[in-house]
Amino acid sequence: MAPPSAVSPQRTASSDKPSAAVPHEPGISESKAKVQMPKFPGPPEFTDKHAERGYLKGRLAAAFRIFGKYGFDEGVAGHITMRDPVQPDTFWVNPFGVAFSLIKKSDLIQVDHEGNIVDGGPVRLLNAAAFMIHGAVHKARPDVLCAAHSHSIYGRSFCSLGRKLDMITQDSCSFHNDHVLYESFNGIVLAEKEGNDIAACLGDKKAALLQNHGLLTVGGTIEAAVFWFLSLEKCCQAQLAADAAAGGRGHTTIKIDDDDAAFTYKTIGTPRAGWFSAKPLFDVIEKESGADYLQ
């Protein structure tokens, strides 16, 4: 199936039949056009929930190393959480004040929905904002394994505009009809009501632009939530640059047709695509760090 507005029939030497399968490749034959995107592999499956917990804590620690590498830390701000597979009414989070780039599996702390630290590493300090936002999201969205929030530079810059993303690049189509704008800022999120309001605004979407604040992404896997955060940050950067360049010439950016954006989303915006897209990030951080985050 080709993108709805992109179909311009191409005739080939081997066939009089127009090929609409790959319309962006003039002259391609019908047979070659039938090559399809391979099916994405998926995350490992576990029968032992305790083994799953151990594995996921290692992936969460790796996620913090990735955030540190990309400069998503801002002092002590920012947090990524993972629902515990053994006790699903609790989640694991980074201890307050420990640098993303130093976090190990053994540093993570386990928190219940009352904000009590029930297990974890030697630094048992909980960021209240992390609990208010992530606790509300995990409670409202049982499908969410992981939620990520930080004060990345392009994300927080774009969030000051009080608008959603335009569909101006292929990558932005990952968020087509799958992100929201939370139109409120009341300071650091220390109140339960605002955490609940953010979760309600997020609804069933995978990303939220928190006005005057920053980005929030969620996923059914740690990898997907991390990739959506990195991708959304870059989409914000791309739109800030494109809007500035177009505005300087008295023009506006060219938007992707809604049908084409929806078609593209089906390939690059799915949960499985998010998990698979993050694989290189996790592979590289394992190689660079020697996997010391698994300690």
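Begin by selecting Thr 264, which sits in helix H6, residues 258–268 (helices are DSSP runs of H or I with at least four residues, strands are E runs of at least two, and both are numbered from the N terminus). This is a predicted model, in which local features need pLDDT of at least 70 and side-chain atom pairs count only at pLDDT 80 or more, while totals for chains, interfaces and linings use all residues. Residues are numbered from 1 along each chain as its sequence is written, and side-chain values use heavy atoms, with hydrogens and water left out.

With a relative accessibility of 18%, Thr 264 counts as buried (buried means under 20% relative accessible area, exposed over 50%, and partly exposed in between, with a 1.4 Å probe and protein chains only). Apart from neighbours within four places in sequence, Thr 264 is in contact with Gln 170, Cys 173 and Gly 269, where contact means heavy atoms within 4.5 Å.

Next, display helix H5 (residues 222–248) together with helix H7 (residues 271–289), which pack at an angle of about 80 degrees with their axes 7 Å apart. The axes are lines fitted to C-alpha atoms, for helices over the stretch in contact, and angles run from 0 to 180 degrees between N-to-C directions. H5 and H7 are therefore roughly perpendicular to each other, given that angles under 35 degrees count as roughly parallel, over 145 as roughly antiparallel, 65 to 115 as roughly perpendicular and the rest as oblique. Among the residues that make this contact are Ile 222, Phe 227 and Trp 228 of H5 and Trp 275, Leu 281 and Phe 282 of H7.

Keep H7 in view and bring in H1, whose axis is 10 Å from that of H7, at an angle of about 85 degrees. H1 is therefore roughly perpendicular to H7. Here Arg 59, Ala 62, Ala 63, Arg 65, Ile 66 and Lys 69 in H1 meet Leu 281, Phe 282, Val 284, Ile 285, Glu 288 and Ser 289 in H7.

Now turn to the largest nonpolar core, which has 46 residues, and select Phe 67, Ile 222 and Phe 282, the members that touch the most others (such a core is a set of buried Ala, Val, Leu, Ile, Met, Phe, Trp, Tyr and Cys residues joined through side-chain atoms within 4.5 Å). The elements giving two or more residues to this core include helix H1 (49–69), strand E3 (79–83) and helix H3 (153–159), while H5 gives the most, with 11 residues. Around Phe 67, leaving out residues up to four places away in sequence, look for Phe 72, Asp 73, Ile 80, Phe 100, Ala 148, Ser 150, Val 226, Phe 229 and Leu 230.

Two loop residues come next. Asn 177, in the loop between H3 and strand E8 (179–182), has a positive phi of about 55 degrees although it is not a glycine, and Asn 177 is exposed, with a relative accessible area of 54%. Asn 212, in the loop between E9 and strand E10 (214–219), likewise is not a glycine and has a positive phi of about 60 degrees, but at 43% relative accessibility Asn 212 counts as partly exposed.

Finally, colour the chain by pLDDT, the predictor's confidence in each residue, from 0 to 100. The chain mean is 89, but pLDDT stays under 50 over residues 4–26. Where pLDDT is low, the predicted coordinates should not be read in detail.
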